[in-house]
Each structure stands twice: as structure tokens, then as C-alpha cells.
Amino acid sequence: VRTAAVIPAAGRGVRLGPGAPKALRALNGTPMLIHAVRAMAASRAVSLVVVVAPPDGAPEVRSLLDAHALPERTEFVVVPGGETRQESVKLGLDALPDGYDIVLVHDAARPLVPVDTVDSVVEAVREGAVAVVPALPLADTVKEVEPAEGAPEPVVATPVRARLRAVQTPQGFDRKALVHAHETVTEDVTDDASMIEQLGGTVVVVPGHEEAFKVTRPLDLVLAEAVLARRRA
Ligand code: CTP
Ligand code: MG
């Protein structure tokens with residue numbers, strides 16, 4: 001069974017602050033997107049990577065891919081993205097050729113996910129799961145609040161922390177199920193697996209990895225560069 005990875009990379013990165021689109025910012029001199037592409041191509045299972053570029057940035061992303069050393073056994077396709085992550089993933093799925101029955105969806109903003117995590121997601125889909133997410137237990141206690149602006153927010157509930165997981169990517173799917181979910185679910189979601197859940201499908205969790213954290217705020221850039229420096233040491 002052939003596996004493809006779709007990498008949504010079309011976001012601006014508002015929370016990271018002003019500058020180039022987040023996926024094109026450098027981590028130790030190499031664009032975050034290239035790290036993310038290498039992380040997917042590092043898996044022997046992945047033979048195609050679809051990069052969903054910033055809407056007007058597809059030519060730039062194509063030349064970045066050509067300029068960096070990437071595994072020759074992997075094929076690369078670049079398509080322009082949309083307004084939301086959900087739209088961008090759908091545009092990536094639309095570009096998938098026939099013959100790929102397993103699809104990974106991986107945030108460009110998680111450039112340092114280890115190959116073992118990628119492989120364990122693929123493995124769980126190969127063994128029959130429709131949707132697989134890597135996730136970690138939480139360090140912080142989580143409270144649900146009644147959101148209020150400029151005032152202390154009342155706490156509504158405290159879910160039992162031991163039952164909570166922080167979800168990462170790559171998330172792995174049976175291709176048909178994911179395509180159907182993207183064609184059916186119209187509500188806004190923050191990950192792909194929740195679309196499968198909304199349609200009554202079963203999603204399973206495999207262990208995630210600390211290094212699969214999402215680069216979201218400026219401090220995350222510091223952490224990512226420290227992880228890269230540690231790998232080189
Ligand atoms: N993404 C995308 N298309 C969008 C929005 C987001 O492909 N219209 C991608 C981002 O490029 C990123 C992933 O979805 O790789 C996760 O999104 P997030 O971390 O929220 O990135 P941004 O949306 O770029 O950041 P922010 O929300 O701070 O603007
Ligand atoms: Mg976003």
C-alpha cells in the first residue's frame with residue numbers, strides 16, 4: 001500500500017509575529033518547510049509529498065524544493081493553499097494521484113517530528129485503523145472557562161488530566177475516509193481527525209514525541225533551534 005504525505009504550509013504565522021510566511025522562515029539557516037519535508041521523506045513508507053504552499057508562493061516553494069537535497073525515491077508536488085488550514089488540506093488532497101491509499105497530513109509548523117513517530121502512525125493505519133493521531137499526555141492541568149474579554153473568566157469544568165492528550169501530526173488516514181470527511185464536514189475544525197470523529201468514525205492515538213511540538217510563538221523558534229543544535233552535537 002502506497003503512502004503520501006500532505007503538508008499544509010500555507011499559513012501566515014500571525015502568532016509568530018511579522019515576517020515571511022511561517023513555513024518559509026529559517027531554522028538554523030534552512031526553511032522550516034524543508035525540515036518538515038525531510039521529516040516526511042525520511043520515512044521509507046512515504047513515496048509522495050504534496051506541499052500546500054502559501055497562495056501566491058507556489059513557485060518559490062518549488063524552487064526551494066529544487067535547491068535542497070531531498071531523497072530521490074520521493075516525488076514532490078506543490079499546490080497553492082487556501083484561507084484556512086482545512087481548505088489547504090483539501091486542496092492538497094485534490095492533488096493526490098491514484099494509487100495512494102494511505103495519507104498522512106503533517107503541519108509544516110512541526111518541522112522536527114522524528115521518523116519513528118511517522119513510521120508508527122503509518123504502521124497503525126496499515127494495521128487497519130481509519131484514523132491515527134500521535135499524542136502526548138499533558139503537563140498542565142486544563143480548565144474549561146466561559147470566555148470573557150478584559151475580565152476574569154469563570155471556570156466551567158476541569159477535565160481529568162490523565163484522560164487528556166495533546167495531539168500532534170502527522171495524522172494518518174485511510175485516504176477514502178479522509179477525502180469523504182473533507183467533502184462532508186462543513187464546520188471549522190482544528191485537526192483532520194476530528195472530522196472523522198464527527199462522522200462517527202474511530203480515531204486512535206499512538207505515542208507522540210516531544211520534538212513534534214508545533215512552532216507557534218517566538219519562543220518555539222528558540223526551542224526548535226536548540227533541538228537542532230543538540231542533534232548535531
Ligand atoms: N495552514 C495552511 N493554510 C492556512 C492556515 C494554516 O496550510 N490557511 C498550515 C500552516 O502553514 C501550518 C499548519 O497549517 O503548517 C498549522 O497551522 P498554524 O500552526 O496555526 O499555522 P499558521 O496558521 O500559519 O499560524 P497562525 O495561526 O499563528 O497564523
Ligand atoms: Mg493558524
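What follows is a short chat about a predicted model of a protein with a ligand.

Visitor: What kind of model is this, and how are things numbered?
Guide: This is a predicted model; local features need pLDDT of at least 70, side-chain atom pairs count only at pLDDT 80 or more, and totals for chains, interfaces and linings use all residues. Residues are numbered from 1 along each chain as its sequence is written, while chains are lettered from A and ligands numbered from 1 in the order in which they are written.

Visitor: What does the protein average in pLDDT?
Guide: The average is 97, and 100% of the residues score at least 70. pLDDT is the predictor's confidence in each residue, from 0 to 100. The model also scores ipTM 0.99 and pTM 0.98.

Visitor: Which elements have the lowest and highest mean pLDDT?
Guide: Strand β2 (residues 26–27) has the lowest, 96. Strand β11 (residues 171–174) has the highest, 99.

Visitor: How many helices and strands are there?
Guide: Seven helices and twelve strands. Both are DSSP runs, numbered from the N terminus: helices are H or I with at least four residues, strands are E with at least two.

Visitor: Why call it as compact as a globular protein of that length?
Guide: The radius of gyration is 18 Å, close to the 17 Å that the globule rule gives for 233 residues, so the protein is as compact as a globular one of that length. The radius is taken over C-alpha atoms, and the rule is 2.2 Å times the number of residues to the power 0.38. Along its principal axes, the C-alpha trace spans about 55 × 40 × 35 Å.

Visitor: How much of the protein is buried?
Guide: Buried residues make up 38% of the 233. A residue is buried if 20 or more other C-beta atoms lie within 10 Å of its own, exposed if 12 or fewer, and partly exposed in between; C-beta atoms are placed from the backbone.

Visitor: On to ligand 1. What surrounds it?
Guide: 22 residues do, and the closest are Pro 8, Ala 10, Gly 11, Arg 15 and Ser 88. A residue is near a molecule if its C-beta atom, placed from the backbone, lies within 6 Å of it.

Visitor: What's that shell like by class?
Guide: Eight residues are nonpolar, seven polar and seven charged. Ala, Val, Leu, Ile, Met, Phe, Trp, Tyr, Cys and Pro count as nonpolar, Asp, Glu, Lys and Arg as charged, and the others, Gly among them, as polar.

Visitor: Where is Gly 11?
Guide: Gly 11 is in the loop between β1 (2–8) and β2. Gly 11 counts as buried, with 20 C-beta neighbours inside 10 Å. Leaving out residues up to four places away in sequence, Gly 11 touches Pro 21, Lys 22 and Arg 85. Gly 11 and Ser 88 are 77 residues apart in sequence, yet 8.9 Å apart in space, C-alpha to C-alpha.

Visitor: Now helix α5. Which of its residues are buried?
Guide: Arg 175, Leu 178 and Ala 181.

Visitor: You mentioned β11. Is Asp 174 buried or exposed there?
Guide: Asp 174, in strand β11, is buried, with 20 other C-beta atoms within 10 Å. Asp 174 touches Ile 102, Val 125 and Val 130, not counting residues up to four places away in sequence.

Visitor: Which peptide bond is cis?
Guide: The one from Thr 169 to Pro 170, with omega near 10°. Pro 170 lies in the loop between β10 (165–167) and β11.

Visitor: Last one: what about the phi of Asn 28?
Guide: Phi is positive, about 50°, although Asn 28 is not a glycine. Asn 28 sits in the loop between β2 and β3 (30–31). Asn 28 is partly exposed, with 13 other C-beta atoms within 10 Å.

How values were computed
Contact = placed C-beta atoms within 7 Å.
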